[in-house]
Amino acid sequence: MAFRQALQLAACGLAGGSAAVLFSAVAVGKPRAGGDAEPRPAEPPAWAGGARPSPGVWDPNWDRREPLSLINLRKRNVESGEEELASKLDHYKAKATRHIFLIRHSQYHVDGSQEKDRTLTPLGREQAELTGLRLASLGLKFNKIVHSSMTRAVETTDIISRHLPGVCKVSTDLLREGAPIEPDPPVSHWKPEAVQYYEDGARIEAAFRNYIHRADARQEEDSYEIFICHANVIRYIVCRALQFPPEGWLRLSLNNGSITHLVIRPNGRVALRTLGDTGFMPPDKITRS
């Protein structure tokens, strides 16, 4: 499965989608000069324990792709002169902006006994059509569609992709639904086992590190990428990308078929253009479950 996903990502030809990055999803790697990742000792996210950045203080190296940190990590000699240092920094600097469109799957049959039985409802299929039309109407040259391997996400992708002919599709297990981190405040109606947070949280964090980062230095033009997955995954990604406390992910709400738009600038700054937009749907077509 991992090998096939790696080949699919390589076929899409975008920075951040190399086989090396995919294979390092769990043992997360640090970027090399070429933009791939190499294994490094596992380290817990800042929010998992220990010191957390002070509120309101932005970490410019949140994706471990700040040019100066890449030189230091590879033990470059940065004391050999300002001109040489400037040249090295320019080599690692991103030039393009990444536009990340996070799409929640459409309404599905929640009573399916097995995951494969949780297919889209007739309304869910209508929602996917509306989302596909909305994305097509933006007039953007989308580079790829990465989607969760769960049935409801696959079906949503199939419908949306009809409106975006020629856009490469990649399936991944990393974006499957799960319990990313124990929410704060807790909720009484949803209490996953602790092992779920441990297993799902590591996988969803790996998805964040693999897919959400500034553009590779080799990327010359802005990119527009679609990720079709699930509410918990999207809410967690938004909190992590904006450097908000990720425990607050459950305070966000997303409709089925909604569009969330993140922008990652070459300097690593992140902006949230839209969160859970369904303004393109008639009111009677909007659902949350």
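Trainee: Is arginine 214 buried or exposed?

Mentor: Arginine 214 counts as buried, because its relative accessibility is 2% and the cut-off for buried is under 20%. Keep in mind that this is a predicted model.

Trainee: OK, and which residues are linked with Arg214 in a network of salt bridges?

Mentor: Asp63 and Glu66 are in that network with Arg214. With aspartate 63, the N to O distance is 2.8 Å.

Trainee: Where do arginine 214 and aspartate 63 lie?

Mentor: Arginine 214 is in the loop between helix H7 (194–211) and strand E6 (223–229), while aspartate 63 is in the loop between strand E2 (37–39) and helix H3 (67–73). They are 151 residues apart in sequence, so the pair ties those parts together. Both residues are buried.

Trainee: And the glutamate 66 one, how far apart are the closest N and O atoms there?

Mentor: For arginine 214 and glutamate 66 they're 3.0 Å apart. That pair also links distant parts of the chain, 148 residues apart, with glutamate 66 in the loop between E2 and H3. Glutamate 66 is partly exposed, at a relative accessible area of 24%.

Trainee: How many salt bridges does a search of the whole structure find?

Mentor: It finds 12. One of them joins the side chains of glutamate 225 and lysine 144, at 3.9 Å from N to O.

Trainee: Which strands are glutamate 225 and lysine 144 in?

Mentor: Glutamate 225 is in strand E6 and lysine 144 in strand E4 (residues 144–148). They sit 81 residues apart in sequence, so this pair ties those parts together. Glutamate 225 is buried at 1% relative accessibility, and lysine 144 is buried with a relative accessible area of 2%.

Trainee: Switching topic to helix H5: how many residues does H5 have, and how far does it reach?

Mentor: Helix H5 (residues 122–137) has 16 residues and reaches 23 Å from its first C-alpha to its last. That is close to the 22 Å expected at 1.5 Å a residue.

Trainee: Which residues of H5 are buried?

Mentor: Among them are Leu123, Gln127, Thr131 and Leu135. In an α-helix there are 3.6 residues a turn, so residues three or four places apart point the same way.

Trainee: What do the buried residues of H5 pack against?

Mentor: They pack against strand E3 (98–104), helix H6 (151–161), E6 and strand E7 (259–264).

Key
Residues numbered from 1 in each chain as written. Predicted model: local features only at pLDDT ≥ 70, side-chain atom pairs only at ≥ 80, totals over all residues. Heavy atoms only, no water. Salt bridge = Lys/Arg side-chain N within 4 Å of Asp/Glu carboxyl O. Helix = DSSP H or I, 4+ residues; strand = E, 2+ residues; numbered from the N terminus. Buried < 20%, exposed > 50% of the residue type's maximum accessible area, 1.4 Å probe, protein only. Expected span 1.5 Å × (residues − 1). Contact = heavy atoms within 4.5 Å.
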